[in-house]
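Subject: Handover of a structure and the findings on it

Dear colleague,

Please find below the structure that I am handing over to you.

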Amino acid sequence: MLKNKTLGSMLIVAGTTIGAGMLALPIASAGLGFTTALILIVLSWLLMTYTALLMLELHQYASADATLNTLAKSILGKRGQYIANFSMVFLFYALCAAYIAGGGAQLQEKINNALGMQVAPQVGSVVLAIIVATVVTAGTSTVDKLNKVLFSIKLIVLASLFYVLTPYVHGQHLLDMPIEQGLVISAIPVVFTSFGFHGSIPSVVKYVGLDIKSLRRVMMFGAALPLTIYVFWQLLSQGVMSQQSLMQSEGLTGFVNNISNIAHNPHITTFVTIFADLALATSFLGVSLGLFDFFADALKKGNGNLDRSKTALITFLPPLGFALFYPKGFIMALGYAAIALVVLAVFLPVAMVWSQRRRGTPTTGYQVRGGTLGLAMAALCGIAIIAAQGLQMTGVIPSLG
C-alpha cells in the first residue's frame, strides 16, 4: 500500500511540476542556446529539490497533516505565518485562476464542437472548476488515481512526439551560444517557475505519512522526472529548429506550426494540444490539492463532508470569480509568480530550517546536507531570481512575457 502511495505521490509532484508552461520553455530559452538552457534547468532543479528536502526536515517534527501555515507559525511566529499565508494564497489563487481561464477556454471549444452549437463563454470555466473541485474534495487518494491515468497518457503523448521529431534533430543547432547576456537573465524566472511543486508537499506528506525515507524518494524522483522530460524537450525543440527560427516563432502557436512543417507531420499539432490539455489538468489538480489542504488547516476545517465542501468553496470560488470577471487582474498577478514562488519555495524553507537548527534539532532526525553554507547558497539563488524578475519588470533587460 505504501509503495503504491509513494509512486502516486511521485506522479503528483511530477504532474504539478510539468504544467502547460513546459511548452513555453523553448520560446523562453530560444536565445540562450542548448548548453546554457541546460545549465539553467539543472541549477533550478537542484535548488528546488534541495528546498523540497528542507521542507521534509521540517515536517518530521510536526504532525502529518501540518501545512505551511502550521509550520511557519510554530517556527517563525505570527509574522512568518502571515508572510507564508499571503505568498501561498496569492500565488495559488493566481495559478488556479489561470488554469480555470485557460483550461475553461479549451474545454468550451470542445463542448461547442461536441454539441454543434455555441454555448456561453463562461460554461467551460465553470464546468472545469466543478470537475476539479469534485475530485479534490473527494480526497488525495482520488487525485492520485486520476493523476496516474492522466500522467500515463501524457507520457505516451510525449513519447510519440519525441519519436516523430527525433530524426529531425541537427547537432549543429545544439552548439549555438547565447545571442546576448540579457536573455540569460530574462530566462531565469521562467525556468525557475517550471519546477514549482512545493505547495503540494504538505498534501503528499499527509497522504504518505511521516516516513522520511519514502518522502525523500518521492521528492527526489518526483522532481527528477520533470528534469528528464525538460532536457529531452529542449534537445528536440532546439535541435529541430535553428536559433534564429526559434526566436522568430510567434509564440507557442508559431512554434508548433514551424515544427509541424519541418517534420511534415500534421499530427504534431494534435500531440501538442493533447499534451497541453493533460499538463494543465495534472498541474491544476496538484496546485488546487495543495491549496485545499492549506485552507483546511488554516481555517481548522475537519474531514467531514460539510467541512470539506466549505473548504472547496473557499478554494475554488475566488479564482473562478477572478477568471470570469477580472481576467486582467490575475494575468497581472502571474507577472509576480516567480517572486511569490521564491518566497514560498526558497526563503521560507531556508528561514524555517535555519531557525529550527538554531533551537537545537535532535541529532537523530533527518537533516539535509550542506549545513549553513547550503542554506546561504539557496537564499542567494532566491535573491538572484527576484533580481532577474525585477530587471524585467523595470525594462532594464528584455521581458519574455
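Predicted model: local features only at pLDDT ≥ 70, side-chain atom pairs only at ≥ 80, totals over all residues.

Residues are numbered from 1 along each chain as its sequence is written, and side-chain values use heavy atoms, with hydrogens and water left out.

Salt bridges

A salt bridge is a side-chain nitrogen of Lys or Arg within 4 Å of a carboxyl oxygen of Asp or Glu. By this rule there are three salt bridges. One of them joins the side chains of Arg357 and Glu57, at 2.9 Å from N to O. Arg357 belongs to helix H15 (residues 337–358) and Glu57 to helix H3 (residues 34–59), so this pair ties together parts that are 300 residues apart in sequence. Helices here are DSSP runs (H or I, at least four residues), numbered from the N terminus. Both Arg357 and Glu57 are buried; buried means under 20% relative accessible area, exposed means over 50%, and partly exposed lies in between, for a 1.4 Å probe and protein chains only.

Lys110 forms a salt bridge with Asp277, and their closest N and O atoms are 3.0 Å apart. Since Lys110 lies in helix H4 (residues 68–115) and Asp277 in helix H12, the pair ties together parts that are 167 residues apart in sequence. Lys110 is partly exposed, at 39% relative accessibility.

In the pair Lys148 and Asp144, the closest N and O atoms of the salt bridge are 3.8 Å apart. These two residues are four residues apart in helix H6 (residues 140–165), which means that about one helical turn separates Lys148 and Asp144. Lys148 and Asp144 are both buried.

A polar contact

Gln234 is a residue of helix H9 (residues 212–240) and is buried, with a relative accessible area of 2%. Its side chain makes a polar contact of 2.9 Å with the side chain of Ser29. A polar contact is a pair of N or O atoms within 3.5 Å; within protein, one must be able to donate a hydrogen and the other to accept it, and residues adjacent in sequence count only if both atoms are side-chain atoms.

Cysteines

How many disulfides does a search of the whole structure find? The search finds zero, a disulfide being a pair of cysteine sulfur atoms within 2.5 Å. Cys96 is buried, at 0% relative accessible area, whereas Cys381 is partly exposed, at 35%.

Cavities

A cavity is a set of points, on a 1 Å grid over the protein atoms alone, where a 1.4 Å probe fits but cannot get out; lining residues have an atom within 4 Å of a point. A volume is the space filled by probe spheres set on the points, which are joined across faces, edges and corners. The structure holds two cavities of 30 Å³ or more. The largest has a volume of about 50 Å³, and its lining consists of Met55, Leu68, Met88, His198, Gly199 and Leu344. The second largest cavity has a volume of about 40 Å³, and its lining includes His173, Asp176 and Gln238.

A backbone angle

Lys300 has a phi near 55°, a positive value in a residue other than glycine. Most residues other than glycine have a negative phi. Lys300 sits in the loop between helix H12 (267–298) and helix H13 (305–325), and is exposed, with a relative accessible area of 66%.

Yours sincerely

Conventions:
1 Å grid on protein atoms, 1.4 Å probe; cavity = no way out; pocket = protein on both sides within 12 Å on 5 of 7 lines; lining within 4 Å.
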